[in-house]
Amino acid sequence: MLQSNSEDNFESPIKDIKRHEDNLKFLKSQANHLDESILDLQVRLGKYHSKDAASENSDLHPEEESTQQILHQEQSAAGILCKVKSYHAIHASNLSLIKDVLGIVATLARVDNDTLSRLLSEYLGLETMLGIVCKTFDGIKALEKYDGNGKIKDIAGLHGLGSSIGRKIDGRFTAFCLEDLRPFAGGFIANDPQKKLALLKPKLPDGKCPSGFLDFVVNMVNLDDRNLFCVTAGGHGLRETLFYNLFSYLQVYKTRADMLSALPCITHGALSLDGGMITKNGLFLLGSRENFEVKFPLITGRSGLSLNYSQIETRIRKLRWEQHNIEQDMLREQQLLDKARAASSGKPQV
């Protein structure tokens, strides 16, 4: 009887060793499979990049053009911030005051045609287009410092940064705090790579969608992948925070005639691609469109690769997350295996 118990005690560590070795072998095979999958997807992305490179020319890219437009606003907070980040990148990377800054409103979205870009710039106005977007309220506080009398310190924050490059901020500037913006309370369109908001289409009294309705503006802006997911601590992206607060249920129509015919179902303003604009119920903007210098960049090149490219990037992120989890599991299994081997050999466990 004693001999049987002794054999059971001896077999237990051996079984533990075998079990942990099998687990490690399985996890390693999964890790190798993930490595191959990520590599294959990266190769596919590389093909997209090569297509972009082949189509490049000496003209400025839309993103660079937007930056240049902002740089022309020399006395603005956005212009100063853009200049520091563009021409003093090493210095900027160490500045705590801009580490929380996500970007300038005009640089955080793209649209698919120049007409819409001009309309949105006019609708928002230059002050909003040049708005500085921060993730948290700490980022807002870092932009401007005050003395004991409540006066702005010229040697601190963005004012001090401007002085360091020979620029001075002229007047007030707009700053957005994403964590303080109330996000869209609804859901998203299923399987949409751009995470467009699930907004109900406008309907006329007869129940039909108005003729010429294209979409809501908030769903017509295109966002970089990094701004679609978890920009805020609450897990919200730019579309349901910043751009929902800027555009709300602003509608877009093909023509002024379409827009005017849809008046019964326009609740938060509307635009038409031929220049019509209703900023809110009862308020129409007439006359010629203004030619705003600061506009949203157009979708082109890499940003115009639509859902295939976006889906591949999303898949890579998910696979890397799985890879990280497997590495943690492998580490735990290796520790358990080491303990089992120590127990089998009679060595004291550490």
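This is a predicted model: local features need pLDDT of at least 70, side-chain atom pairs count only at pLDDT 80 or more; totals for chains, interfaces and linings use all residues.

Author: Residues are numbered from 1 along each chain as its sequence is written, and side-chain values use heavy atoms, with hydrogens and water left out.

Reader: How many helices and strands does the protein chain have?

Author: Helices (H or I, at least four residues) and strands (E, at least two) are DSSP runs, numbered from the N terminus. The protein chain has 11 helices and eight strands.

Reader: In what order do the strands of the open sheet lie?

Author: Two strands pair if DSSP finds at least two bridges between them. Here three strands form an open sheet in the order β1-β2-β3, with mixed pairing. Because β1 (101-104) and β3 (175-177) stand at the edges with a single partner strand each, one side of each is left without a neighbour in the sheet. β1 and β2 (residues 132-134) run antiparallel and are joined by three bridges; Val101 has Cys134 in β2 as its bridge partner.

Reader: Is Ser117 buried or exposed?

Author: Buried means under 20% relative accessible area, exposed over 50%, and partly exposed in between (1.4 Å probe, protein chains only). Ser117, located in helix α5 (residues 114-124), is buried, with a relative accessible area of 0%. Across the protein chain, buried residues make up 42% of the 350 residues.

Reader: Which residues does Ser117 touch?

Author: Contact means heavy atoms within 4.5 Å. Not counting residues up to four places away in sequence, Ser117 touches Val111, Lys295, Phe296 and Leu298.
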